[in-house]
Amino acid sequence: QKVTMNMGMAMPSWYDIVGLDKRSNEFCKGIEESQSRLIKLVQNEIDVGISHNRIVLAGFSQGGALSLYTGMQLDMPLAGIVVMSGYLPHESGFKITAGLE
């Protein structure tokens, strides 16, 4: 998809990045779609018999950011979330699941 921060060039990306400052992280076009894709992957693993408490979401940079954004909003606890060189995107839309604080 196109990434605004990189002069609108198309590249592998979970969602659009407008800039690096905190305010820019509020505008993450496509993050909900990517979050849904990640949730489906987790659910597929659960459906084949993997317990949710044995699943880890992990990623680097934008992948780590999406792992954090998604994993902390699931309705079940995972074994862990690993974020390498990441951040919390779309902070205003982030609602941590009760019990995961």
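In which helix is Ser34 found? Ser34 sits in helix α1, and that helix is a handy place to start with this predicted model.

Helix α1 covers residues 31–47, which makes 17 residues. The buried residues of the helix are Ile31, Ser34, Gln35, Leu38 and Val42. Looking down the axis of α1, these buried residues stay within an arc of 105 degrees, so they line one face of the helix. The other side of α1 has Glu33, Arg37, Lys40 and Asp47, which are exposed. As for what lies over the buried residues of α1, the cover includes β3 (56–60) and α2 (62–71). After the helix comes Gly49, with a positive phi near 105 degrees.

Back to Ser34. Its relative accessibility is 3%, which is why Ser34 counts as buried, the cut-off being under 20%. A polar atom of the Ser34 side chain lies 2.3 Å from the backbone oxygen of Trp14. Once residues up to four places away in sequence are set aside, Ser34 touches Trp14, Tyr15 and Leu66.

Helix α2 is mostly covered, with nine of its 10 residues buried. Those buried in α2 are Gln62, Gly63, Gly64, Ala65, Leu66, Ser67, Tyr69, Thr70 and Gly71. Their cover includes α1, β3 and β4.

Then there is the nonpolar core. The largest one has 16 residues, and the members that touch the most others are Tyr15, Ile31, Val42, Leu57 and Leu78. Helices α1 and α2 each put at least two residues into this core. Leu78 is worth a look: leaving out neighbours within four places in sequence, Leu78 is in contact with Val42, His52, Asn53, Ile55, Leu57 and Gly71.

On the aromatic side, the structure holds one pair. The ring centres of Tyr69 and Phe94 are 6.1 Å apart and the ring planes stand at 40 degrees, so the pair counts as tilted. Tyr69 belongs to helix α2, while Phe94 is in the segment after β4 (80–84), so the pair ties together parts that are 25 residues apart in sequence. Tyr69 and Phe94 are both buried.

What does the start of the chain touch? Gln1 is found in the segment before β1 (2–3). With 42% relative accessibility, Gln1 counts as partly exposed, because that value falls between the 20% and 50% cut-offs. Setting aside neighbours within four places in sequence, Gln1 is in contact with Met9, Ala10, Met11, Ser13, Trp14, Tyr15, Asp16 and Lys29. One of these residues, Tyr15, has its backbone oxygen 3.3 Å from a polar atom of the Gln1 side chain.

Definitions and conventions
Residues are numbered from 1 along each chain as its sequence is written. This is a predicted model: local features need pLDDT of at least 70, side-chain atom pairs count only at pLDDT 80 or more; totals for chains, interfaces and linings use all residues. Side-chain values use heavy atoms; hydrogens and water are left out. Helices (H or I, at least four residues) and strands (E, at least two) are DSSP runs, numbered from the N terminus. The expected span of a helix is 1.5 Å times one less than its number of residues. Buried means under 20% relative accessible area, exposed over 50%, partly exposed in between (1.4 Å probe, protein chains only). The arc is that of the directions from the helix axis to the C-beta atoms. Contact means heavy atoms within 4.5 Å. A nonpolar core is a set of buried Ala, Val, Leu, Ile, Met, Phe, Trp, Tyr and Cys residues joined through side-chain atoms within 4.5 Å. Rings of Phe, Tyr and Trp (its six-membered ring) pair if their centres lie within 6.5 Å; planes under 30 degrees apart count as stacked, over 60 as edge-to-face and the rest as tilted. A polar contact is a pair of N or O atoms within 3.5 Å; within protein, one must be able to donate a hydrogen and the other to accept it, and residues adjacent in sequence count only if both atoms are side-chain atoms.
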